[in-house]
Amino acid sequence: MTNFIKLLLIFLKTTEITSTEKKRSKHFYKIMGTAILLLIMLPAGALVGFVTYALSLAVLDKGASTEAANIVLHIIAILSVVFGFNVVVNIFYFSNDIENLLPLPLKPQEIVGAKFTYSLLSENIMEFILTVGVCVGFMFAGGFSFMGVVSSIVGIITVPIVPLAYCGTISVVLMYVTHSIKNRDFLNKITGVGTALLIVGALLALVGVNDFNAEAFAQTLASGDSTFLNVMNGIFPQIPLLMGAVYGSVSDLFLYILINIVCVVIFLVISSKMYIKGVSDINTTKSKKDINDTNRAISASRERGIFASYLKKEFLVLFRTPPFFMDCIAVNLLWPVFFVVVIILQGQTNFLSSVLDPYLKGDLSAMLYVTLGVIVVSVLVTAINSIASAGISREGRHFEFMRYIPVPLKTQLHAKAVASVTISGLGMVLYIIAFNIYCMVYNGGADVPATVFVMPIVHLVLALICVWFVSYFGLFMDTINPKLVWDDEINALRGNYNVFINTAIVLATTVAVCLVSLAMMWCGAGEGVGIAAAFVLMAVLSAVGYKLCISKGVENLMSVE
Amino acid sequence: MIKFDSVTKVFNNTLTAVDDLSFQVNKGEIVGFIGPNGSGKTTTIKMLTGILKPDRGEISVKDFDIQKQPLEAKKHIGYIADNPDMFLRLKGVEFLNFISDIYRVPADVRKERFTSVCDRFGLTESLNSPMLGYSHGMRQKIMVAAALVHNPDVWILDEPLIGLDPKSAFELKNMMREHAQGGNCVFFSTHVLEVAEKLCDKVIIINKGKLLYNGTLENLENLNKGKTLEEIFLELTEK
């Protein structure tokens with residue numbers, strides 16, 4: 001037990017920032033940590049709480065009890081397993097400390113137990129907050145009670161345990177029985193493909209829903225006929241028990257705790273038998289040896305400009321490193337999924353029609369709304385893909401390389417920003433083309449005014465301005481406190497506050513720009529003036545982001561020690 | 001070719017890593033930089049290459065001040081860091097091309113240098129594979145190849161022999177000698193006193209950031225008659 005605690009404390013300690021960074025960025029972390037909590041985590045928790053509250057009210061009206069909260073918690077649990085699996089395997093099997101831990105006289109269950117608890121504490125803050133949302137939302141609908149509050153507190157702390165125990169058990173068994181999975185790149189690829197398949201599956205399931213009807217959905221939940229809920233209750237039996245406890249059942253609370261203990265014990269017993277064999281002979285990519293191949297490659301060597309060569313290096317690193325590819329490149333392709341979700345979930349409200357019909361008739365208000373939509377999506381796409389806002393963090397131990405090569409830091413920052421502008425910009429170009437094709441299909445060949453043909457060009461230019469702003473500003477944000485200490489590429493991005501902070505700031509700024517633009521219209525200055533104002537404001541922000549990055553950003557990089 | 005003039009580096013206003021250090025490395029010299037762990041060797045090398053900024057004093061390479069004219073100074077440096085795990089997703093040949101582009105090595109010249117350096121280090125077969133699949137020693141060799149691809153005047157090497165197999169270590173030592181004989185200089189840190197004894201024209205010994213000795217090994221041995229280099233080193237650094 002003491003080995004377990006000592007190991008856990010060491011794992012937690014190694015993730016703390018160093019004393020130099022601590023001193024340099026004490027206030028920065030305080031301010032930005034508060035900003036993340038207030039602008040991202042609490043709103044997300046509040047949203048989940050509201051959804052739970054609304055669904056629970058509907059279900060309680062129909063005589064049922066915890067089904068709505070169960071379904072929300074099940075979705076959170078599924079996401080925990082999907083996104084947690086890769087993290088767990090990387091922490092259990094591919095972290096750099098493994099080679100130092102294995103020769104020590106430690107029991108496998110002590111190593112795995114400490115790593116499991118570390119994963120639980122460090123990777124699930126968001127899940128804790130979402131669970132608070134569910135419990136509070138449910139109690140607002142069903143009523144507060146002493147038992148409910150106690151059970152909620154227990155649940156908030158323990159809800160991620162079972163999903164994480166599933167991830168841990170599956171990974172330990174897989175690593176024990178297979179050989180091919182013992183390559184980190186292979187693992188990253190299959191989990192990436194798995195996630196993509198899950199998203200496509202969810203998309204297809206949504207496409208199958210012709211008319212989403214909240215009333216019918218609540219009725220299905222209340223009647224207990226929901227196949228999804230029944231299956232998920234079997235997979236995560238602790239969730240209905242937790243919500244039962246929050247609803248007032250003492251026996252459910254005891255059963256809930258018992259299931260958590262059983263899952264952890266099973267996981268530890270399996271780990272004690274299988275972990276050591278699984279963790280041995282872990283490998284990475286093998287190099288092939290071919291002299292002719294090398295001679296051809298040397299002959300093909302050609303000279304490039306410094307900027308072009310640096311940019312090429314950025315692209316190669318982004319495309320060839322599986323975690324960077326998944327989180328920075330492939331994530332850009334998720335946005336059409338959200339668009340389809342909007343189309344489907346609008347159901348009978350015809351939200352899209354109410355915007356698209358006037359837009360295609362040349363209505364200026366609709367044009368302003370669509371333009372503001374383009375601004376928000378462009379900003380979000382670029383901020384979330386983190387190409388820029390983790391541009392320096394991605395260097396990790398290579399950071400010193402930036403300082404000893406005879407290339408000005410300004411040039412290196414430009415290359416990193418241009419990598420972000422290119423990838424995010426290409427994504428936006430594709431979306432704008434796709435959106436306009438959708439409009440053409442939707443319009444069915446009817447006549448449209450000339451202004452409708454001009455708007456795609458306006459949107460393209462505006463999208464690129466937004467991408468430029470977020471890229472340079474994001475890179476600047478990452479120069480303030482780059483996360484340079486990580487032992488696995490996946491950790492360069494996960495838990496990197498710079499990405500969250502950048503997203504929160506640019507989103508808040510963009511919302512302010514949109515409000516100014518709408519205010520122009522509401523004040524009677526006209527929609528054209530509103531669009532022009534958005535254009536000018538985003539251009540000014542781009543110039544500010546650019547200036548900050550190449551002046552203050554360079555200074556920041558010079559002062560990193 | 002290298003000039004350190006009263007250089008001091010303090011971390012967090014509390015830890016003096018390098019304390020008023022002055023020395024010179026001249027043309028044709030191989031200089032070994034020796035000191036116990038935590039003595040300030042790596043901090044010194046990092047200041048010399050422009051990675052860290054000194055708090056006081058001046059550093060110049062080929063008469064270019066590393067702080068005031070960093071780009072000019074860095075163009076003359078070939079630096080091998082203590083950790084060869086760099087840009088492992090790139091293929092060896094891609095990494096060498098990237099470095100060659102940075103140092104503006106013409107295409108025909110670089111092809112010749114790639115072939116020459118890789119032949120000497122036995123890298124040729126694996127050069128078109130990602131460096132992630134290389135062993136530690138192979139990664140070290142590719143870092144050596146990359147540091148030398150632009151034929152720099154000043155070689156700065158941080159523990160360059162660690163991880164190299166005997167043949168590659170032998171080759172690198174020969175290359176260091178050839179380089180110095182060609183009117184250039186080599187400044188390298190090492191813990192291996194035998195290497196310093198056999199290879200260096202001069203040694204600089206530091207401890208706790210302070211200079212303890214700067215001169216030839218012959219002179220050092222004359223000052224401490226009857227003692228081995230190891231004994232002299234221990235005496236100096238344990239005072």
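Trainee: In which helix is the place of C549(A)?

Mentor: C549(A) belongs to helix α25 (residues 527-559) of chain A, helices being DSSP runs of H or I of at least four residues, numbered from the N terminus. The model is predicted: local features need pLDDT of at least 70 and side-chain atom pairs pLDDT 80 or more, while totals for chains, interfaces and linings use all residues. Residues are numbered from 1 along each chain as its sequence is written, and chains are lettered from A and ligands numbered from 1 in the order in which they are written.

Trainee: Why is C549(A) called buried?

Mentor: C549(A) has 27 other C-beta atoms within 10 Å, and a residue is buried at 20 or more (exposed at 12 or fewer, partly exposed in between). C549(A) is therefore buried.

Trainee: Which residues is C549(A) in contact with, leaving aside its neighbours within four places in sequence?

Mentor: They are L413(A), A417(A), Y472(A), L475(A) and F476(A), a contact being C-beta atoms, placed from the backbone, within 7 Å. The C-alpha atoms of C549(A) and D478(A) are 9.6 Å apart, although 71 residues separate the two in sequence.

Trainee: What makes helix α16 (residues 322-329) of chain A largely enclosed by the rest of the structure?

Mentor: Six of its eight residues are buried, so α16(A) is largely enclosed. The buried residues are P322(A), P323(A), F324(A), M326(A), D327(A) and C328(A).

Trainee: Why are α15(A) and α21(A) called oblique to each other?

Mentor: Helix α15 (residues 306-320) of chain A and helix α21 (residues 409-443) of chain A pack at about 50 degrees, with axes 9 Å apart. Angles under 35 degrees count as roughly parallel, over 145 as roughly antiparallel, 65 to 115 as roughly perpendicular and the rest as oblique. The pair is therefore oblique.

Trainee: Which residues make the contact of α15(A) with α21(A)?

Mentor: From α15(A) come I306(A), F307(A), Y310(A), L311(A), E314(A), F315(A) and L318(A). The side of α21(A) consists of T411(A), Q412(A), H414(A), A415(A), K416(A), V418(A) and A419(A). By class they are nine nonpolar, three polar and two charged, where Ala, Val, Leu, Ile, Met, Phe, Trp, Tyr, Cys and Pro are nonpolar, Asp, Glu, Lys and Arg charged, and the others, Gly among them, polar.

Trainee: How many residues does each chain give to the contact of chain A with chain B?

Mentor: Chain A gives 38 residues and chain B gives 39. On the side of chain A, α2 (19-61), α14 (291-299), α15 and α20 (399-404) each supply at least two residues. That side divides into 12 nonpolar, 11 polar and 15 charged residues.

Terms used. Axes fitted to C-alpha atoms, helices over the stretch in contact; angles between N-to-C directions. Contact = placed C-beta atoms within 7 Å.
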